Structures are given as C-alpha cells and as structure tokens.
Amino acid sequence: MPRRYLNLTPLPEALAAMRRAFPPSDHAETVPLRLAVGRVTAEPLYAEYSVPEVDIAKFDGYAVKSRDTPGAQDQRPLPLLEYARINTGEMLPPAFDAVVMVEDTWDDGGTPWIRKSAAPWQNVRHAGEDIRAGELVLPKGHRIRPFDLGALATYGITRIAVRSVRVGIIPTGSDLVPLGVAPAPGQTIETNTLMAEAYLTRMGATCHRYGIVPDDPDLIRSVLEAAVAENDLVILSAGSSAGSRDFSRDVVGALGEIIFHGIAVRPGKPVLLASVDSKPVLGMPGYPVAAQTVLREVAGNLLAWWGLPALPGEELDVRLSRRLASDLGFDEFVPVSVGRVDGTCFATPHPRGGGIQMAVVRANGYIHIPAEREGIEAGEEVRVRLTVPSASIARTLICVGVRDPTIAELGNCLADAGYLLHCCKASTMGAVLALRAKTCHAASVSLAETEAAWNDRVLRYLPGVDLLRVQVARTELGLVSAGDLDTDTLASLRFVNHPKGTAARALLDAWLDREGIDAGSIAGYGHEVKTPAAVAAAVGNGFADAGVCPAATAREAGLRFIPLGYETRDLLVREELAADEGVACLIRSARSPEFGERLRSLARCHADRQAARAG
C-alpha cells in the first residue's frame, strides 16, 4: 500500500483553525456523575496483568532478525529476506528480535528494502515494561482523576443539569477487547474511550460510548455516520496514524473535509480533525498518554470554546531537577512529580512516551516545553500544571531511583501518616546524583551486596555527605537458562544482559572474572533489556539461551537457576534532611515492623496469585 505522511500543523495554528471551523453554539442538558471520579481510594489497587503481557512492536513496520541487517545504509540498502509485517502494539513473532520502522523502508516489487541496520530489540516494548502484575497502581488515600480510570482498566481493575455538548466516542481496533475481558497475547483492553468519557463528562459534556469497531473501513464508516447524526462532536479512538490498519483518514475524508491531520505535539502527533456535516470529527491516537494529550489540549479546548468551563487546575513555578531535551518545532508535554526539598520546590520528570500510562498515574502535574525550545536545563524555573490540589505538595516526598513493589508498599505506610511518596524512576547513578544535587528527599538504589559496590556506586560520588541507609529488600540473583548451563558451554550460548551499573550486571561480571571467562567472547553480552521479566521472557521464548534475573522470576518462568549473589535495595537519605517531619516519617516507616509485615504479606499474595494462575 502507498505510504502516507502526516502534515504536522503547529499546535496554535491547529487550535485556531479548529475554532474558525466550529463557532460556539448553545447546548444544555443534565448529566449524571461518574461515581469513581473525585472519590478517594480506601485500599491500594494492584495491577492484575503485566503490560505489555508479551514483547510488542513500538511502531508500524517489519519484524526482522537483527543479525540479518548489518551494513544497511542509505547508499547501500538491503532487501529483507525474512520478515513479518507488524503494526504498533502487535506481538513480536517468536523468530524475530527487532522492528524496522516503515519510514526506514520502501517497497520494491513486493520486497521491502531497509536503509539502516537494526540493533537487537530495536523498537520493541518488552513484557512488563509499563507495569507488572501485582504492582501498585494507586495507593490508598489517592483521589481518582479521569485519566486514572484508563490506567485502572488497562491493568484489569474493574470495580471502583449543566451546559453540555453531546459527544460520541468510537473505539476502533481489531486487537481490542472490552473492559472486564482478560486480553490474550497481542490484545489490549479498550480503555481510551472510557477515560475520554470521564474527562469530557467532568467538563459538562454528555458522552455516549459506542461498541468496539474492528479495523474494517465499511464498518467504521457505518458507525461514524450514525454518530455524526446523533452527536455534536465525534471522537474516533485509534486509527489516525499511518499503519496498515489505520483507516480513520480515508473514511473521514470520504465523508467530509479534513482540516488537519497531524499536529506538532508530543505525545499525540497523529491527531486528525475533520468537518462532517458541519460537525467536528476528531481522530485521536491509540497510545493512552497520547490520547490524553489530545483530549486535554484539543478536545478540551474545543469544549471550552463552546462555553464549557475548563477543568480546574492550579499552576506552580518550580525548579526542574534535571535537564530535559526536546525537539524544536514540537510542543511537548512531560509528566512530573513536584515536591518541596529543603525549602525549594523541584519538578522531577517521569519517563516519556505515549504508551507509559503509569508515568501519568504516578505524576502530580505536567510541564509544557514550547515548540521554540530545544529543552530545559536543570535548575531552570518551569511552570507546572498541577493535577492535584497544590496543598498536597507540602505532604509529597520525592524518591528518585529504582522503583519496585517494596517502595510502593512504603508509600502505603506513609499514606497512613498523611504523606504521599512519589518514586521517579532513575538508574542507581541517577538517584545518587539527584541526592547530591539535593533535588529529592531520598534515593532508592540497587547494589550488588559487596562493600566495593557501595564505595564505587555511592560514596565516591557523595564525598563528605553523611548518609542514612535503610535496606528495604534483598534479592537473590542468578544465571537462568531453559536447559543445562555450565561454564564450558556459556561462551557458545546467546546471552541477554542488563544495562551497565545494575547489580545484575555487576554480579555477572564478577562471576565471569572468577571463572576466567572473557565477557567479549559471549554472544549477546551487549544485548541489554531493562526488566527481569524481559530476561525471563527472552530465555523462555528462545530469543536467548541465558541471562540474569531473580530466583523468584526464574521459578515463575520455569527456568533453571545458578546463584550468583545478592542484590540489595536501599533507601538513602542525607542526614541533614532527617529533621524534616516528612523525611523523619519516611525513615521511621522504612524501619518499622509494620513495613516488614507489609512486604511479607505482599510476597504471600504474589505467591498465591502465581499458584492460582498455574492451577
């Protein structure tokens, strides 16, 4: 099929064109309240499913074997001999270990050619990258926001008279399953229209969600025609990009006039706006965080133009804790957590990306990087749009570093004392540097259980700093494999590794040194993944023969395990901050018997869940 390109319209121009095309009109009706929105959680909520459940493609393109692609260049393109056409979010076929974006290929007589080589795991989202089953989604004491509903639904959690506009919301996608149905590999729970309804209803709109429509142009057209007749605004969820199953532009273009397709904003670039029977039809991308941006910045703007008040949201001027890069020409929106550290408010960014919903759930605000900026420097003053009451910032503690269930449970202990713990993901090195810069209340670090690791990874970067150290977890790590493994065969096997600086990498390197094995002789030593689940999945699915992961993960995956040593997860606090009431409460909670019992209870629940699934 011919390639399609998005024409990126600057955000201010897109909003101006939208307002010109759809002038305000009076609409009034009585709307019901969604029971969960605005309520406060009484108990913590945990994910029922890992997301993604399996390795999936980040972009539309071709699944390939990375070893077949070296040498591909613009001037020396290579034909793909073994490949599989794949779309964003689809499961990576077992035989392949990378995805080449469709933009980096062209079709010549039915054979795709590539102009750059593919690295192992390129453009692949690994299993559990967003969240793992049993991980905390929301702590108790959290006021549920509209966007939280989408995340809760994604992770399998199903229970929890004004001026208005009628809005029809149509979910499209053959890979979607309805709320309450456990997704099979390659499927996704349909959540975007759920959160769209919640957000726009709070603005005063009367929303009607239609059933899931498969990727069929005729079916999409039929539902769209009915929705336009019944509503003042129609939103198509997904299908607005340029994949082989994205039909929104063609269908909408046949029925009306395209106003713009693609705006220079991140996340949310593939947004589509058209006029059908003089009514706006808005196509939003399928990635949840991208969809949220479009709802807030485009759909919300239109409803405000039509007279519905914007949702209240306070703004706060704070310091940015670390540098953020951004591309010129794009308005970018980045989720952050804001907390007051030693008298100064800092905003710490969360991971960016249209599919990382937990970044938004964990954040308490977001910043806007204007299109004319290439980024924002550390320490620079930025304006944060809060998604929580500003009064909660004084009770917010910022922890930077390794994020795992132990830190989440610590947050539950703090909730009992009236404090909110925000853990912003970073490497151990990033956490230590944040502690050195005094932009966080605490650092969560993961270290190999050796004195050398403590000296090399912590003390050398914090000379003269007095630290309080509380161990919150101790995990056994080891080599895992599907079959027998010994030092004589290791060099002949394909390996999957963890990034440099991690405890798993340090323990592996120490073991290789003791065994006299040259790391350079191991195939795949440089192939890195980010999570233990990704290692287990790679070995279990045959992408690799061996890797390093925790003993519990190996047991769950049915893999053989050779112990290498222990990893500790420690909470580090500067002694000079220990007198702060919130920080003192954090230290007391981390050392308390109640916290230890929470961790034991969490381990029992996890074991019961695994036993239930195995049964």
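Predicted model: local features only at pLDDT ≥ 70, side-chain atom pairs only at ≥ 80, totals over all residues.
Residues are numbered from 1 along each chain as its sequence is written, and side-chain values use heavy atoms, with hydrogens and water left out.

Now for the strands around that residue. E5 pairs with strand E9 (residues 111-114) in the antiparallel sense, over two bridges; for two strands to pair, DSSP has to find at least two bridges between them. Strands here (E, at least two residues) and helices (H or I, at least four) are DSSP runs, numbered from the N terminus. Three strands make up an open sheet, ordered E5-E9-E8, with antiparallel pairing. Strand E5 (78-79) and strand E8 (105-108) are at the edges with a single partner strand each, so one side of each has no neighbour in the sheet.

On to the rings. The structure holds five aromatic pairs. Rings of Phe, Tyr and Trp (its six-membered ring) pair if their centres lie within 6.5 Å; planes under 30 degrees apart are stacked, over 60 edge-to-face, and the rest tilted. Tyr-62 and Tyr-83 have ring centres 5.4 Å apart and planes at 85 degrees, so this pair is edge-to-face. It links distant parts of the chain, with Tyr-62 in strand E4 (residues 61-64) and Tyr-83 in strand E6 (residues 83-86), 21 residues apart. Tyr-62 is buried at 9% relative accessible area, while Tyr-83, at 32%, is partly exposed. The cut-offs are under 20% for buried, over 50% for exposed and in between for partly exposed (1.4 Å probe, protein chains only).

Another edge-to-face pair joins Trp-121 and Phe-543, at 5.3 Å centre to centre and 85 degrees between the planes. Trp-121 is buried at 10% relative accessibility, and Phe-543 is buried at 14%.

Arg-85 lies over the face of Tyr-62, 5.3 Å from the ring centre, and Arg-474 lies over the face of Tyr-566, at 3.6 Å. To count, NZ of Lys or CZ of Arg must be within 6 Å of the ring centre and within 35 degrees of the ring normal.

Finally, helix H12 (residues 503-515) has 13 residues and reaches 18 Å from first C-alpha to last, close to the expected 18 Å, that is, 1.5 Å times one less than its number of residues. Its buried residues include Leu-507, Leu-508 and Trp-511. Just after H12, Gly-516 takes a positive phi of about 70 degrees.
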